Amino acid sequence: MEAGGRALPKPIKREASPGFDAGTDSAISKRQCDEASGIVHPQIQFPWQTCRDLDDVERLKIKEKAVRQARKNCLRISRLLKGTMEQLKQRQDAKYSVMMGENIIKQWCNDYGEYYSEYLMLLETLTNIRKDKLCKSKNKLEILVGVEGPTGAGKSSFLGCLLGIPELFPAGQEAASTAVVGKVSWNYSSNCHDKFRATIVFRKKAEVENDLVSLLLEINRSAALEDSDFGEEDDSIEGLIAAKIESKERIDYELPKVKAVWGLDKHGVVELAQQHSDERTYSEIVASILETNPDALQYLDAGEEMVSSGTAIELANIIKPFLDSTSQSNGDGNRWSTWPLVKEVQIYAKADILKSGITLVDLPGCGDAVASRSDIAQKFARRLDVRMVVSPIIRMADEKQAQTLMQNGFEQAQMRISGKLDGNGFAVVGSKIDDLKVDTYINDCMDLRDDVELRKSQTRLHALIKKQADLKSKQSLLKETSKKAKSAERGAAKQLASTLRKPAFSHKLKELEAKRDKTAMDSDEADKALEQNENRLERATQEILYLKHFIHHRAISTRNRRVMSNIRTSLARNLEDKDDRKKPVQSQGELDFFLPIFPVSTRAFWELEDSQKAMDGFPTPKFTGVPAVKQWLHRATMSKREKHLDESLDGYQSLITMMRTYSQPTGHDGEFTFTRQDVEHALAATHETFEHRLGQTLAAASYRIDKLNPLKKKDKAMKRFIAEAETIVSKWGKKFPDDADNDAKITWNTYGANISRKGTAWTTKGNPPIRYSWMENLASPVVESISKDWDAQMNKELPKLKSLMMAYFSLTWTQYLDQLHEVLRSKVPSLGHRFSIIRPNLDRSQRATETKILGTLNDLSQKTSNVVFDAVNYLNQEMRSTFQAALTITGKKSFANRKHLILSKVQNDVQPMCKEMIKRLEDGLAERKAVVPDQLRKIAGEAIAGVQRQLSFLVNNLVENSRHDLEMRAKKSEVQKTIRDMIAKWENDWTEKGNLGSHILDEDLSIPDMIPKPDFEYSDVEEDEEEQLEEDTMSVDEDEIDDISVEDDDPNDKDFICGR
C-alpha cells in the first residue's frame, strides 16, 4: 500500500524498520502479554526541552551541555553495539542475528553515523580523509565567517588573533599575503602528529588548460587588432580602441597567472601564440607550457594535496606556498607561485573559536592588484553567514574610504534584504589602532585640547618624570651612603671584637660600643632612606606607567569613537528611507539596524600574549579589542548554532527512544498472537489518512506566508525608478558614479570597458581601484525602496509563523496518536498497552518537526533574498543589445553618441523595464514560496515515518523467533539490561540542572572606557611631597605642556617595564 508516495514496510515479521531488507515471515504462535509485563516510563521533561523562555545565552549553555552529555552517552552505547555486531559477524547465525535484533542495531548505528559523525572522529582507525569527507557531508552545520578587506589591512594577522595561533596564516610585507581562499575549521583528529592539518584543493586541470588556450587566442587577436590600418587622427579608430582595451584587459587578467607559475612574461607568451599553425594546435602549445613546470603539473594531476604537522609553525611553512602570493622555490630551485593553481586551502586546527562549528575564511584582498584574486573575494562573499571587513582605522577616518566598506547602495540594500544588517551578519574591524602619534593627535584634536583631566594628566606626567629622574639620582647616592654605612658598621663591630680579646684596652670598650651602636644606627637609617626612596621611585614609575596608559587610551579611544560615529552616520545616510528624503538623517540608535564596529590592535594583543611589555594604552588584552570581537562572533552565530544544537538534540532524542524500545524486556507473561504483518495491516489506513491530514494541516497554515508582502512599496519603487533611472545612466559618464559630489568625467577607455562588460560588476586596476557595477546601480532605486519592508516581512515576521503552524500540527498529531492507540486496542489488544508506554516519546517527537519547520522558514527567507539578483539579471539581458549596438558606433563624437544611445534606451523603455523588473521580483518570490507547502508535507510524512519506525522497533522487540533458545534469550537480556542502565545514566545526565560552567557570552569583554587607576598609598612625608608635586603640576605653563612627549621613553629602561 502506498501512503503519500511512500511505500509502507512489507508485512513481514521480525524485520528491520523501514529501509532495511526483510527476510521471510512465518506465522508462529506468540505468547500473550498482559499489562503487568510492561515497564511504563514516566514522561520526562529535560531542561533543554523546557528552556524556551530563558535568555539566549542561558538557553545556549543548556543545549550545549546536553549535546556534550549525549555524545558521551551515545558513544558508550555505540561501543556496546559495535561489540554485539562483532559477535554476530563471528557467529554467522541468521537465527541468532534475528533474535539479537541485528537490523535494529544497524538502523541505530546508521542513524548515529549519518547524523552524528562526531563519534567517528574519535576512532583512531578512521583516516583523516574519511574524517574530512564526513565533515564535508555536514556542511549544513558549518557557519562560514569571512574576513575580507583591502590588501594590507591586516586580515591574516587578525585571523591569527581570533584563532590564538599567530603563525597559521601568512602575513606578507611586500606582496599581498593572501592570494587564495583559506578556510580553517575544527580539527577532529586526536593524533598528536596531526594536530594541524590542511587539504590544498587545486583547480581542475582542464580549467587551467582552457584559460591558457583563451590567453593564446586573445594574444593573437590583440596582434590582429594592432595591425589594423587606421590613422592616429581618425576618430573612427575609437571602435578599434575599445576592442583593443577589452583585449588588453583580458590578457592582463591572465598574464599574472602565467608569469607566476611558468615564468612566462608577455613577450614569451606572444612568441608561443605565434607558433600556432595547422601543424601545431593551441592544445599542443598549452601542453608544452604545462610541461615546463613538472611540479605544477603534478599538482594539477593529483587534484589535492593533504599535509599535516604537530605544530602550527611547521604546517604554516608547508602551506605558505599555496596561500602566499609571493614566489617560492620548487624542487629544481626555480622560483614560482602556486596561487593560480589553487582553488582553496582547507586548514584544520584545534582553536576554541572553531568548536561551535565556525569556519573562518581568509579572503584575498578586495582591490588586490591582481584582478583575478580580487574577484575571488567578491564571489565568495555571498556564501558567508557572517562578513567582517577589516580596514586600518586610519583609512576609515576618511569618509570616502569608510563608505567603500559597505560597497554601493545595491550591496547595502541586498544585505538588508538577506537579514545581514541585524547586528549579527556584518561587522567592521578597524585594525592597527595603535598606529597613532598621540602627542600630535592631542594637540590637533579640539575635544582633547579642551579635556581638563587629560591636560592635568599630561602635566602631572611631566612633573613625575622630573621627580623620577631626581629619585633615580638620589637612589645612587643613597646606595653609596648605605654601602659606606654598612662598611663603617662592620669596621666598628670588628674593632670592638678585637678589643674584647685585649684586656689592656678594656677602658676603651664603652667608647667602641657607642661607636658600634652609632654606626649600626647610621646603617639602619641609610637602609631605611634607601628603601623609602625605592618605594617612592616604584610608585612614581607605576604612576608614570598608568598616566601613559591613560593618555594613550584617551587619545586612541577618542579617535576610535569619532571614526565609528562617522561610519555609522554615513551608513545611516545611505540606508535612510529614500521616500522620505526631507527627513533629517536618523542616528544609529533610531534606525532598525545596527552596525558593529570593533577597533583592534593585533600588535598589542600579541605583545601581551607573549608576555612582553604592554604597549602604552593597552594594559590588558581587553583593551586590544580582540576579546570583544571573539565574543561578538559567538553572539552573531548564536542563532545558527542553536539551530544546529536543536537538530542534534532532536536526533539524539530519537536515538535514545530507539534504544529504550529495543532494551525493553519482552513479555514473558503471556502469548503474543500477532505478527508484524498484522500490525502494519491494522495501522496502514490510519498512517495514510493522517499523513495526508497532517500535510494538509501544515500546507494550509502556510497561507500566512502568502500574506507576507515584502513588495508593499512596489508602486513607490516604480515611481522612484522612473524618476531616477535617467539620472543614474547619466552618472555612468562620471568616473565615480556613486559619489554625488565628484564630477570627474570617466575616460573614454573606461566607459568602453564598461560597455564591453555589458554593465556587469568589475574593478579597475588604478589607484585607487574603482568598482563599476552599472546594472546594480540601475536596480538600486527598486532594491533600496523595498529593502526595509522585505527585511521586516521575510526576516522578522516569517519565522514567527512557526508557532501558528505548530499549534495546528499539535492538535492533529494528538488526534493521530489517539487514533493509533484506539486501533491497536481494537485490532491488536495485546499491543495496546505497549503503545501507551512509548506514547510519551511519540508526543515529544513533535519537537523535531518544529525544528524542521523553522529550518524551512529560514531557508525560504534566505532563498527569497536572492530574488533581487533576478532583477539585475533581467536588466543585464534587456540592456545587452543596446550595449552591443553602442560598441559598433565609431567615428567622430562616438563617445557622446554611445552615451546618447544608452540613455535613449532607458528614457524610452523606462516604464516597461520597471514593470518587468517588478514582475521578476514578484515571480521569483512566488516561485520560492510555492515550494513551501510540499516541503511542509514532506516534514509531515517524515513525522509519520518516525512513528512507523518506532512501532516497527516495538514489534520486532516483542516478537521472539527463538523463544525456546534460553542461551540466546539470556544473551539478549544481558545486552538489554546494559543498555537500560546506560539510558538511565543518559537521562539522569540530561535531567541535571545547573553546572553549566562559564561561557564567553557571560563576560564583559568590551574595551573598557577607562584605564583602572592604581591605589597609591603615601607616607606623611610623601603626602607633603605630593602637595609640592601638585604645585609643580599647576605651575607648568601651556607651552611646556605642548612639549611633553609620552612616546620617547628609553625602551631599554627596565624601570618602565610593566608587571601584569
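This dialogue goes through several features of a predicted model and how to read them.

Colleague: Which residues does the "coiled-coil region" annotation cover?

Modeller: UniProt positions are given in the numbering used here, feature names are shortened, and annotations may be inferred rather than shown by experiment. The unreviewed UniProt entry places "coiled-coil region" at residues 509-543. Helices (H or I, at least four residues) and strands (E, at least two) are DSSP runs, numbered from the N terminus. The span 509-543 is 100% helix and 0% strand, with its end C-alpha atoms 50 Å apart.

Colleague: Where is the kink in H24 centred?

Modeller: The bend at a residue is the angle between axes fitted to the seven residues ending there and the seven starting there. In H24 a kink of about 45° is centred on Leu683. The expected span of a helix is 1.5 Å times one less than its number of residues. H24 (residues 676-701) has 26 residues and reaches 35 Å from its first C-alpha to its last, close to the 38 Å expected.

Colleague: How many aromatic pairs does the structure hold?

Modeller: Rings of Phe, Tyr and Trp (its six-membered ring) pair if their centres lie within 6.5 Å; planes under 30 degrees apart count as stacked, over 60 as edge-to-face and the rest as tilted. The structure holds 22 such pairs. One of them is Tyr751 with Phe895, tilted, at 5.1 Å centre to centre and 55° between the planes.

Colleague: Why does the pair of Tyr751 and Phe895 tie together parts that are apart in sequence?

Modeller: Tyr751 lies in helix H27 (residues 748-756) and Phe895 in helix H33 (residues 894-930), so the pair joins parts 144 residues apart in sequence. The pair of Trp774 and Phe883 is also tilted, because the ring centres are 6.0 Å apart and the planes are at 40°. Trp774 is in helix H28 (residues 774-797) and Phe883 in helix H32 (residues 867-887), 109 residues apart.

Colleague: Are Trp774 and Phe883 buried or exposed?

Modeller: Buried means under 20% relative accessible area, exposed over 50%, partly exposed in between (1.4 Å probe, protein chains only). Trp774 and Phe883 are both buried. Tyr751 counts as buried because its relative accessibility is 3%.

Colleague: Which ring does the charged end of Lys899 sit over?

Modeller: A charge sits over a ring if NZ of Lys or CZ of Arg is within 6 Å of the ring centre and within 35 degrees of the ring normal. The charged end of Lys899 sits over Phe895, 4.7 Å from the ring centre. For Arg197 the ring is that of Tyr348, with 4.5 Å to its centre.

Colleague: What joins the side chains of Arg660 and Asn841?

Modeller: A polar contact is a pair of N or O atoms within 3.5 Å; within protein, one must be able to donate a hydrogen and the other to accept it, and residues adjacent in sequence count only if both atoms are side-chain atoms. The side chains of Arg660 and Asn841 are joined by a polar contact of 2.8 Å. Arg660, in helix H23 (residues 638-663), counts as buried at 5% relative accessibility.

How values were computed: Residues are numbered from 1 along each chain as its sequence is written. This is a predicted model: local features need pLDDT of at least 70, side-chain atom pairs count only at pLDDT 80 or more; totals for chains, interfaces and linings use all residues. Side-chain values use heavy atoms; hydrogens and water are left out.
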